[in-house]
Each structure stands twice: as C-alpha cells, then as structure tokens.
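Morning, everyone. Please bring the structure up on your screens.

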Amino acid sequence: MKLRPDQLQGQFRKGLAPVYLVCGEEPLQFKETVDAIRAQAREQGFSERQVLEHSKDFDWSSLAAEAGNLSLFADRRMIELRVNDKLGREGADAIRAYCQKPGEDVLLLIQAPALGWKDLKTKWAQALDKVGVILEVRRLQGPALVQWLDRRLRAKGFVPTPELAALLAERVEGNLLAADQEVSKLALLLEPGPIDPEAMRAAVGNSARYDLFDLTGAALAGDRARTQRIVRGLAGEGTAEPLVLWVLARELRMLAAVAFAKRTRQDVNAAFQAHQVWDSRRDGVLKALERYSVPYLWRLLLECAAVDLAIKGRGDGDPWTMLARIADGLAQGARARG
C-alpha cells in the first residue's frame, strides 16, 4: 500500500509490514521516516540489523541469501537495502521475487531516494505494494506544508493559529530542513502556548527556497501573492533570467495549444501529449484554462518575446519587472486583466 509519512504511525498500530520502501528526495522526511521504521522494528523485537549497500557491482543474489540466513544472535532481523541509483532489471527481478515470498522473521527496509513515480508503476513496485508499504516523500507545499508546521509547532507545546502557521510557511517554503530548524529555534526563544506573530517575525528569518516549476504551479493555481513571492525569491537567489523566461514561455505555449484545441474541438489529449503534460497535471491545467482566452495567452507570449530582447540588451525594460508582470498575468487571468 502507498502511504504518506504522516500515516505511518497509524499503519504501525496494525502491525509491521514485511517490506517497506522509502523513496523521494526530500531529505528531512526521508530521514525521519526511515528512523521511525527502525525504531518501531526495534520495539517489536527486530534487534539485529544487516545493511546491504547497492553499488555498480552489487550482487543481487545477496538479498535472498541474507534473508535466508539464520541469525546466531536474534530471532528477528531487519535488512536495510540502500539503493543509490536505479534498480536495473536484475534488481527489479530480485525485489519482485523477494516480495512473492518475504523472509520469515525478516523485515526488509529499502531506502531509495532516487526512485520516483515512474518507478512506482513498474511490476516490482506493484509486487511490493501487495505485501508491503511504499512511502514516497515529496516536497511539501501549500496546505500540506501549513499542516506539517502546525503539527510541528504543537509537538513543541505551541498553540499556533492557522494564520501564524501560514505566515511561517511563507518564510520556509521549499526548505523543510530550515523549517525544522526555525521551529526548534522558536522553542528555545518563546514560551509554550499561543505565539505572538510579531515575536515570530522577529525570530524567524526568510529561508524559503523555490524552483522554477513552483512559479508556474503557483501561477496556474491563480495564487498571485505566492507567484510574486516566488519571482522575488528566484531573483534573490540569482536565478538566471533566461531560465525563468524559458519556464514561463514553455507553460504559455502549452496552455495556448490546449486552449486552441479546445476552442476548435480538437483532441486536447493530443495537445497534452505533444507538450508532455502528465495525467496528474491535466485537470489543473483544464481548470486554469477557464481563466484564459487564446488571444490573451498569445499576448503573454508576445510579452515573453519582449523580455527575451531585454535580456539580450536589444529591448527596453527591466527583465525581472517584465517577468513578474507575465507571471502575474498568468496567475490573474484574462477576465480580471482584460
């Protein structure tokens, strides 16, 4: 079964699964998830731990061999398989075979930060899903980040309001390690209980980190305030202007193509495929398209051409100001902007 890290304690109450897979590249949640599984395993008598480190010349037959070995020191053992790259065919076959007959009194914990959602659709992952637990740790954004901060603050004895948790989320978005450090710092500086917003503002620095796709995600969601925060954050981090222009123009070309297909009653799925829009994004894109007309999207693309000239020194205007205007136009939509 696939679970989020915050669902893990509930799963423990039903009994440990024979196999756990932790994947994804968010480091804090990854570490805490692995630590929680280890702690629960120790509590339930898995007192011996064997580590298998996957490398270029790794012998995948060692997985079955270790699982079949009898221990001289403990009745129940945990095998940690650390995978630093893709599994390959041999690795996929080995894990699938193991999941078809998990070792008795053995708990297999697979740590694979580089695996993503594509890997989780493969046959070996489906075999693991039937007998074990798959935990994919992702970057937390929006309401998920606010809820995570709320739980974190309450665990430290604070009583945060939703507004305060949202304010803290703005300052640490995209940087969960910094978020954890800021909560720990608040616990040192402030008394437990309700938190004064001004005291929190004074204590917490701005540690937010954004990537380029956060920008288009916020704009398509229609969140103008977050869109502008991300533009300022990218500029402050020294992100190259052509990269920001590229991601905005790429999104606008995709939106214009899908909007045109809709307007002319063509197959929108073909437009999605041509622009490599995954299934998980399509509903959000179609909802966002309700805010735009095709001519409006074309006008924004013309603004992108003007930014390109400004970046190259052959046009007027400050590139960051122009990029912020395009991003705001994408977030705002044609109806409000005209």
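Helix α11 covers residues 224-236, so 13 residues in a model that is predicted.

Now look at which residues of α11 are buried. They are R226, T227, Q228, R229, I230, V231, G233 and L234. Keep the helix geometry in mind here. An α-helix has 3.6 residues a turn, so residues three or four places apart point the same way.

What covers those buried residues? The cover includes α7, at 162-172, and α10, at 212-220. It also includes α12, at 241-263, and α16, at 319-332. Just after α11, find G238. Its phi is positive, at about 80°.

Next stop, Q29. This residue lies in helix α2, residues 27-43. Is Q29 buried or exposed? Its relative accessible area is 8%, so Q29 is buried. And what does it touch? Leave aside its neighbours within four places in sequence. Then Q29 is in contact with P5, V137, R138, L140 and L176.

On to the cysteines. How many disulfides are there? The count comes to zero. Take C23: the nearest cysteine sulfur belongs to C99, and it is 13 Å away. A disulfide needs the two sulfur atoms within 2.5 Å, so C23 is in no disulfide.

Now zoom out to the whole chain. There are 17 helices and eight strands. The C-alpha atoms fill a box of roughly 75 × 55 × 35 Å along the principal axes. The chain has 338 residues, and 46% of them count as buried.

How do the contacts divide up? Consider contacts between residues at least 6 apart in sequence. Of these, 76% join residues at least 24 apart.

Then the surface. The accessible surface comes to about 17900 Å². Carbon and sulfur atoms account for 51% of that.

Last, charge. The chain carries 49 positive side chains and 45 negative ones. The centres of the two sets lie 6 Å apart.

That's my tour. Over to you for questions.

Definitions and conventions. Residues are numbered from 1 along each chain as its sequence is written. This is a predicted model: local features need pLDDT of at least 70, side-chain atom pairs count only at pLDDT 80 or more; totals for chains, interfaces and linings use all residues. Side-chain values use heavy atoms; hydrogens and water are left out. Helices (H or I, at least four residues) and strands (E, at least two) are DSSP runs, numbered from the N terminus. Buried means under 20% relative accessible area, exposed over 50%, partly exposed in between (1.4 Å probe, protein chains only). Contact means heavy atoms within 4.5 Å. Accessible areas come from the Shrake-Rupley method with a 1.4 Å probe; for residues, only the protein chains shown count as cover. Lys and Arg count as positive and Asp and Glu as negative; His and the chain ends are not counted. The place of a charge is taken as NZ of Lys, CZ of Arg, CG of Asp or CD of Glu. The expected span of a helix is 1.5 Å times one less than its number of residues.
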